[in-house]
Structures are given as C-alpha cells and as structure tokens.
Amino acid sequence: MAAQGEYQRLEDEEDSPPGEEELLVHVTEGLRDSWHHIKNLDNFFTKIYHFHQKNGFACMMLSDLFELFLFVVTFTTFLLCCVEYDVLFANRPLNRSRAGTPDRGKVTLPDAILPAPQCARSIRASGWIIFLLAMAAVFWLYRLVKVLCGLLSYWEIRTFYVKALRIPSDGLCNYSWQEVQARLISLQREQQMCVHKKELTELDIYHRILRFKNYTVAMVNKSLLPVRFQLPLLGPVVFLTQGLKYNLELLLFWGPGSLFQNKWNLQPQYKRAGPRLELAQRLARTMVLLGLANLLLCPLVLVWQVLYAFFSYAEVIKREPGSLGARRWSLYGRHYLRHFNELNHELQARLSRGYKPATKYMNSFASPLLAVLAKNVAFFAGSILAVLIVLTVYDEDVLTVQHILTAVTVLGLAVTAARSFIPDEHTVWCPEQLLQGVLAHIHYMPDHWQGNAGKAATRGEMAQLFQYKAVFILEELLSPILTPLILIFALPARALDIVDFFRNFTVEVVGVGDICSFAQLDVRHHGHPQWLSAGHTEASASRQAENGKTELSLMRFALSNPRWQPPPRSELFLSLLKEKVQQDAAAPRVPAEGLPGASLLSDESAAAPDGLLASVLARPLLSASGLLARERRWGQPCGTAGAAASVLASLSSPLPGRPRLPAADDHSPGGRSDRLLPEESLLLSESRLLSLSRSALLAEVASAEMSLHAIYMHELHQQQQQQQQQQQGAGPHAAAVWVAAGAPKPPAVTTGSAARASQAQQREMPLGGWAEEDEDEDEDEEEPTG
C-alpha cells in the first residue's frame, strides 16, 4: 500500500478471479440476449437506475420527444417576426382590404398575425434571426441524434428488465430500487456482468452510479470548490448554479482534457506526485479556455435562460404571486447535505421530509420594522384593489379602460408579496426546537449553530442551503455571465489543490476502478475523532471528513442496505455505537423524562415511525452546560440525546418470531451479526406491519432510525466538544473530574505520533472544512458523453 496521503490501490483478492487482479478493462462477449462481461458497467447501472426512477420506456421516450428547446425557439421566432403588434395594441387601424375580412368593430387575434409569406420575408430580412436559427438547428440535430440513440438504449434496458431481472414493464412502479438492486446482485452470480468480481455488493453498485457525484460531494465537504465568495456589502455569498456545475463536471470528469481517461479510471499521471505542478498548470489553462468558450457563448446562453425562465415562471407568478417567496433546497445545499453514496431519490426523499420543518424555522424569523411596512403596503394596495374590483363588478366596461387590468394585476402582486412578510400572530418563538426538527432530516449542520438558532447569522447561513425561489431564478439568470468569470479568475487558483485532491483521495478498487476514498465509508481512513471515531480512526486532520460526514454516511448506508457488510473497522464502529446507545438507555434516567414515546410503541397509528421521532423532538432542549451538569448527576446524556438513546434502544429488540439477519462475513465476537432488518427491529403492531409493503416499511423505518441517530450523534458531538473545552480551560484537575464522571479519556498523543501527523499534513494539500455553516425539481445525473 502506498504512503498515507497518496494514491492507493485496494486489493480484493477474495472477490477477484485468479490471475485477473491486475485487469481493469472490461471486455465484451458478443451474445445478444446475455449480459456477460459488460464493457461499461458505470453507464449500464446508471441507465438501469434512471429507467427505474423515470418509470420505464414510454415515460422516458415521451420526455425526450417533447423536447422544450424546439418549441421555445419556434415560438420565440413567431413572436418576433410574425405578429403585428401595432394592430394588436390598436395603435393603428386595421387595413381591412389587406386582411380580406369583413368590416367589424373589434380586432381579433388572427388580425394581428402576419400571413406566412410576409412572415418568411420578415425572418429572412433579419441576419441575427437567421444566425440564431442556424445555431438552434445544429443543436436540435444533435439532440435528435441523441434521442434516436436513446431509443435503442432504452429498449435494451427494457429488455434487460423483462428477461434478466424478470420485472414486467407494466409492473415496474411496484418495485422499489432496493428490490431491483437485490435482483442485480443475484444476477451477477448467474451471469458475470462484472468479470473482475464474483460477487457484487450494494456498495459496488452505488460506487458505479455515483462515482463522480461522490467526488463532488467530497470537494464541497472539504471546501475545495470555489462556490463561496466574500463580496462588499453582501458579505459571504455562495454561488453554485446548474451552468457552473455542468462546466465543473465537463472539466473534471468526462469532457475533453478531463482528469479521467474513461468512465472508471483516473489518468495515470494524476496518480503520481512528481508532475503535480505541470498538471496543475495544464488544468489551469484548460479552465481559462473553458471560461473563454463560455464567454463567447454567453449571449446565446443568456437569451435561452431568459426565454426559458419567462415561459416557465410567468404564468405561475401570475396565478400564484407568492410562489417567488417559497423556498427550495439550493444546489449548493443539496451537495453540502448529501451523504456519500446517496442516490438522487434517497436525497430527494430526505430533503422533502425536511422541507416543512425548514420552512417553519425560516418563517419563525420576522423583522418588526419590515412587518409594519408590509402591513401598511398591504392595506393601501388592498384598498385600491378592492375599489377597482367593485367598479368592475358594477360595470364591466371598466376593464376596457387602458391599463386597468395591469393595475389590478400589479396591486394583487403587491398585496401577496406584502403579506408574505407579515408574521403569523399565533406563531410561538422556539428556534432551537425548530432547528432540531430540521437537523433530524437534513443530518448536517455547523457546530456553531447549536445554541445560536435564534441569531440572524444562523438564519443567513441556513438561507444559503434553503433559498428563496426568486433567488434561485436570479442566480440561474446571472449564471451565463458569472460562470465564465469564475472559470477564468477564481478557479485556476485552486488548480493545484484540485490535482492534489484527486491524487490524495482516490483509491483503486479491483473490479470497480478508481473511486473517491471517502465513498469507501471507512472510519479508519477518514473518520473524525470528535464524531465518536476516537480510537477507530488513523486519519490526519486533512484526511478527516468534516461535520461527521463519514460517520453519518456510514450509518445511513448501513440502515438503508441492512445486508451490506461494512469494512471491519467501520463494523466495529457501528457495534460500539449501538452498545453506547444501549448503555445510555439503560442508565438511571431523570424521573421527569421517562421513556419518550413509550405509548407509541404499541399504538396502531399509521405514523408510528414519525411518532417516535416527534416524541424525541418534543423533549425540552437544554444548553450544553446544562446537559453536562445533568449528565454528571444522572450518569447519562439527558435532553434530546437521552430521549433518542431510549427510542433507539427500543428499536433494537426483534419482533417475536422474526429471526435475525444472517451475515455473510461476520466480525462480531459472537460469530454472528447483531444487526437487524429495519422492519424486524421496529416495535410496531402486527396490523401496522400488514398495512405496509415491505419496501415501504424499509424506507419508512430506516428514515426514522437515521433521523434519531443524527440527533443522537450531534448531541454527543456537542457534549464532547464542551467537555474538551472545559478540560483545556481548567487543566489537569478538570481531566481527572472528566474521567471520574465516566467520559472517555482522549487518546494520548506521543511525540512520534505528533511528528508523523505533522509530516502527513505537509505531504497533503491544506484543505479546510466549512466551520461556518438548489433544488432542481428533478436533479438527475448528467450522463457523460465524453
């Protein structure tokens, strides 16, 4: 194995065919209706996943055929060249002899549309229109070829589902992704889709689908991507749009001159430290050239963005003016909050559950001055609007008065916008508890948010993750202008860090290829001591994932895939975490707290998992100092941490008559795995179990259990930080008190280990985590074309 901090190769001889450990190029076998030795498993598994998520062949083909680009270009050209606006606006009388229509008093819509020959002459007379149409035609032909190729690809995947996975097309919606994934793993034993491994695991499939996405999530976690800027007057600003994201993926992953030589291998020169400076200079030049190309295409992209935004949102704003004040998870937020190895539908489901709590938290902030202004604006605009409506009801000829309809529309928008700034008079101010409810679903938040939920700075940082829709639209409109500037001026300065990042955090797994090492979910190499990984991790400061990303991602993946066997050190971490939960739940408890949610365990309510989570969130929140004082007194974590421990402990008892899950390779002392299937571990009534399908129950219970673990781990993390601060502030006497209170003593650092850590930090790039702290309705993975 290579030195720490350098490119590594992980051998997996047990799963590799003899004599093929050094092979990484997939070979094809020319049998038509079999799926042996598939050449590009990344592309194949990604298509299988998209086919499932987009509901099959018919839906995917209709989505491609109803291509919006052609309609937008055609309709815009028609509006520019084929409409006579002077007639439409009645600025001049209609020439009835030319129109060939009988004389009548009113102008109809067809009167304002030019005849086809005159429309064609108008188009030919404009050089810019012809140029734009030519560019659009080239792009449309490219899209047409891609749609035709997609037709063949979709049909092949459909055949694979029907013949290999034995899932009928009309019943695809009845199968969850976990069920499809289980059939893929079973099929590998019959037909060697991957030639280099006898057995496929859930993690192998996730690695292939999310190979590039895991790198992006890791770069955001290590604050490497240049999405944060300090602007005068505006302060810290986060900027990550679909256009910038597309250019970053083109630059790093699948474009010409990218760091990857194919879908699964990093270029060999990026795996060595020797040519790092030369590679960084080359990468910086590529960034500048890509930025210049974006600058040349800026007018075309900007026009497209404006037209698309107008056609998409104009009618929505007219119908629901308050929609611009609605919030959405920002694109940066989706990457910051995403776990390693988390598929799109899993992320979307988790953020959807956190949408209402996040909205309640953001709406709990109100400016008294802004509320007074909004009330008066709403009253003035509403008064005028009411008079106009009454006059219109009395005599409809009022609508024929010039601009009267415009005034009604503008006043309606003003009233709706003003009311959005008026707080609900029945709202109870409890930001800490609201933020705890958000954390239960998003799983990540900066340390300094704890205890500061009511501060404007915390709300501002949360707004970077959960932005207004109006801000999202504005960022996308500015993206064609700002993206070239970022590529030319901001990104080249990080070229060396990017080259070092891919070398330091890439490992080669036989049968899988080059992947981001964080995606291995190995606490030994990337765990953080302050996130319950003390004693389990050997990672230096620069190799630790920030905000507990490794530990929380490991927990989520283990809960979502209960048959997956983690690495030995990660399996040990999970076992010890479970033991700690059991200890905290069994220790003497404050009498007033009792067992939270005990009545819900036998309740036949349809929302039992949600009820368990709500019972924990209903616990009174205490300050960090209060938690420590009560912990010393009662001998276990109190407040939310103690409540979460009690419920998690109750979830670990199997239902009567339900066997434990056998493990393929067990590392537990008893020779068996003590992990349970989620539906086997939840103490629900039998009628509740029968009312849910197995896949729905898996998702429901795993989500609730992960939310409880997120709360529990964050609380313990905060307590550990507080204990360390008190120990550092009070000296050796505090350390003795700390150990006497039952807290684990921090590992001693010898001179040799400190020297080795210092050398490791010098070898690796200086990456810092985000110490401070966009949702596309359908954020699908961009399919590489390079």
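Which side chains meet in a salt bridge at 3.3 Å, N to O? In this predicted model, the pair is K222 and E546. The two residues link distant parts of the chain, sitting 324 residues apart. K222 is found in the loop between α10 (211–221) and β2 (228–231), while E546 belongs to the loop between α22 (523–526) and α23 (549–560). Across the whole structure, the salt bridges number 15. Side chains of opposite charge can pair up like this when their charged atoms come close.

Turning to the surface, a nonpolar patch shows up there, made of W128, F131, L132, M135, L296, L297 and V301. Taken together, these residues have about 730 Å² of accessible area. Two helices, α7 (127–164) and α12 (276–319), each put in at least two residues. The top contributor is α7, with four residues. As for L296, that patch member lies in helix α12.

Then there is a helix pair to look at. Packed helices are described by the angle between their axes and the distance between those axes. For α14 (residues 344–353) and α15 (residues 355–363), the axes come within 4 Å and cross at roughly 40°. On the α14 side, the contact is made by L351, S352 and R353, and α15 answers with Y355, K356 and P357. Sorted by class, the contact between α14 and α15 comes out as three nonpolar residues, one polar and two charged.

Methods
Residues numbered from 1 in each chain as written. Predicted model: local features only at pLDDT ≥ 70, side-chain atom pairs only at ≥ 80, totals over all residues. Heavy atoms only, no water. Axes fitted to C-alpha atoms, helices over the stretch in contact; angles between N-to-C directions. Contact = heavy atoms within 4.5 Å. Nonpolar A, V, L, I, M, F, W, Y, C, P; charged D, E, K, R; others polar. Patch = residues over 30% accessible without salt bridge, like charges linked within 9 Å, V, L, I, M, F, W, Y side chains within 5 Å. Areas by Shrake-Rupley, 256 points an atom, 1.4 Å probe, with all protein chains shown as cover. Salt bridge = Lys/Arg side-chain N within 4 Å of Asp/Glu carboxyl O.
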